[in-house]
Amino acid sequence: MHDRPEALLERVLAHVRDGRFTGLLRVRTREAQAELWFLSGIREETRFGVSTGDEAFERLLRATDPTFEAVVRLPGLSGGFKKSLPPEGTLSDVRAVALLRYCETYALTCTLELASKGKTARVRYQIGELVGVDTDTAGGDALTEMLDSAEGTYRFELPAFALPSGTPLFQAAAPTSLLTELAKIGKEDSTRPAAASAAPAS
């Protein structure tokens with residue numbers, strides 16, 4: 001027995017919340033396509049067709065034949081999801097102190113790995129709260145030395161996430177080659193009746 005569309009959506013959303021999912025949940029329905037953005041399982045933005053916010057969510061609850069796709073993605077450094085922060089990069093682009101503030105500001109659940117001048121630190125957050133720091137040096141000075149350094153790299157590790165078992169997923173369309181499309185056009189042209197010849201001028 002299949003779930004009612006709204007019950008299926010509620011089950012997926014509960015799984016997203018429990019999994020501290022950060023990223024984009026796409027939902028295709030018979031009526032329109034929805035995009036829901038989450039930070040650590042908390043819904044931040046919703047679009048359904050031309051609707052946004054609560055109106056979009058209410059329309060989505062009434063939609064039929066939903067299929068789903070979840071894409072792990074970070075928000076932008078200054079907020080929003082239009083421009084996602086790359087999960088890996090260099091400290092010359094973004095300083096460590098800005099990355100730590102970013103994790104707290106957007107309530108991320110993640111591990112942020114920082115490497116600089118031969119030292120490494122792994123900083124763990126749960127919903128924006130600092131829960132631990134692991135370094136490869138005694139005394140914990142490695143992280144302090146990295147805070148304003150422009151030398152080194154960063155890497156985010158977000159919780160692994162998969163949609164609940166039995167969730168209907170997007171079906172990717174089979175790729176179509178240019179030769180296949182040209183062959184179709186040629187076949188259509190060959191079945192069209194020939195145009196009548198123009199009568200000779202008298």
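Two residues are in contact when heavy atoms lie within 4.5 Å. The structure above is a predicted model, in which local features need pLDDT of at least 70 and side-chain atom pairs count only at pLDDT 80 or more, while totals for chains, interfaces and linings use all residues. Residues are numbered from 1 along each chain as its sequence is written, and side-chain values use heavy atoms, with hydrogens and water left out.

Start with Ser-40. Not counting residues up to four places away in sequence, Ser-40 touches Arg-20, Phe-21, Thr-22, Ala-107, Leu-108, Thr-109 and Ile-127. Ser-40 sits in the loop between S2 and S3. Helices (H or I, at least four residues) and strands (E, at least two) are DSSP runs, numbered from the N terminus. Ser-40 counts as buried because its relative accessibility is 2%; buried means under 20% relative accessible area, exposed over 50%, and partly exposed in between (1.4 Å probe, protein chains only).

The side chain of Ser-40 reaches the backbone oxygen of Ala-107 at 2.6 Å and the backbone nitrogen of Thr-109 at 2.9 Å.

Strands S2 (residues 33-39) and S3 (residues 42-48) run antiparallel and are joined by 6 bridges; two strands pair if DSSP finds at least two bridges between them. Leu-36 has Thr-46 in S3 as its bridge partner. The open sheet has 5 strands in the order S4-S3-S2-S1-S5, with antiparallel pairing. At its edges are S4 (51-52) and S5 (67-72), each pairing on one side only.

A second open sheet, also of 5 strands with antiparallel pairing, has the order S6-S10-S7-S8-S9. Strands S6 (88-90) and S9 (129-135) are at the edges with a single partner strand each, so one side of each has no neighbour in the sheet. S6 and S10 pair in the antiparallel sense over 3 bridges, and Glu-88 stands opposite Arg-155 in S10.

Now look at helix H3 (residues 96-105). Which of its residues are buried? They are Ala-96, Leu-99, Leu-100, Tyr-102 and Cys-103. These residues lie on the same side of H3 because they cover an arc of only 155 degrees around the axis, the arc being that of the directions from the helix axis to the C-beta atoms. Among the elements that cover them are strand S7 (110-116), strand S8 (119-126), helix H4 (141-146) and strand S10 (153-157).

Notes
A polar contact is a pair of N or O atoms within 3.5 Å; within protein, one must be able to donate a hydrogen and the other to accept it, and residues adjacent in sequence count only if both atoms are side-chain atoms.
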